[in-house]
Amino acid sequence: IPYGERITEEKLKAVYDAEIFLKSRGFRQVRVRHHGDVARIEVPPEDRKRFFDGDFMDEVNEAVRDCGFAFAALDLGGYRMGSLNDGVSGKAGGSAGGVQDKAPAAASGEASGGVQATASGAASVKGEGDGRDE
């Protein structure tokens, strides 16, 4: 889940379910990154070729949609630890070509409580209605 995005049980379950499905298909190393309606699938470079089978792509697409995503995308760069740091100032990969941060909920005027991913990788809990960290 990108930095600044609210972490919810629904998002975590969607990622978990999609990863479990892919692991059940023989992927030992896999990450599903949550980008709103898009599940970005990362597998090691040597496993990417498995996605070039039409029947397998259809199966993955259906399973990912069943997990709650509207779209499935294969990251052509393959699995990389810390790939969500791309686009975060001062992190590996800088801001060029990476995933761009979204404004935190408090900055966008959203006042409900919840958990957000932060640039440090920690989750911050937002207070109900006041926009302050607790």
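Predicted model: local features only at pLDDT ≥ 70, side-chain atom pairs only at ≥ 80, totals over all residues.
Lys-11 counts as buried, because its relative accessibility is 17%, and a residue is called buried when that value is under 20%.

**Lys-11 and its surroundings**
- Lys-11 lies in helix H1, which spans residues 9–24.
- Leaving aside residues up to four places away in sequence, Lys-11 is in contact with Ile-1, Glu-5, Arg-6 and His-34.

**Strands E3 and E4**
- Strand E3, made of residues 38–42, and strand E4, made of residues 71–74, pair with each other in the parallel sense, and 4 bridges join them.

- In soluble globular proteins, nonpolar side chains tend to be buried together.
- The largest nonpolar core of this model contains 18 residues, and those with the most contacts inside it are Leu-22, Phe-27, Val-32, Ile-41, Phe-51, Val-60 and Phe-69.
- Two or more residues of this core come from each of the elements H1, E3 and H2, and the largest share, 5 residues, is supplied by H1.
- Phe-51, one of the residues with the most contacts inside the core, touches Leu-22, Phe-27, Ile-41, Val-43, Phe-56, Met-57, Val-60 and Leu-74 when residues up to four places away in sequence are not counted.

Technical notes
Residues numbered from 1 in each chain as written. Heavy atoms only, no water. Buried < 20%, exposed > 50% of the residue type's maximum accessible area, 1.4 Å probe, protein only. Contact = heavy atoms within 4.5 Å. Pairing = 2+ DSSP bridges. Core = buried A, V, L, I, M, F, W, Y, C linked by side-chain atoms within 4.5 Å.
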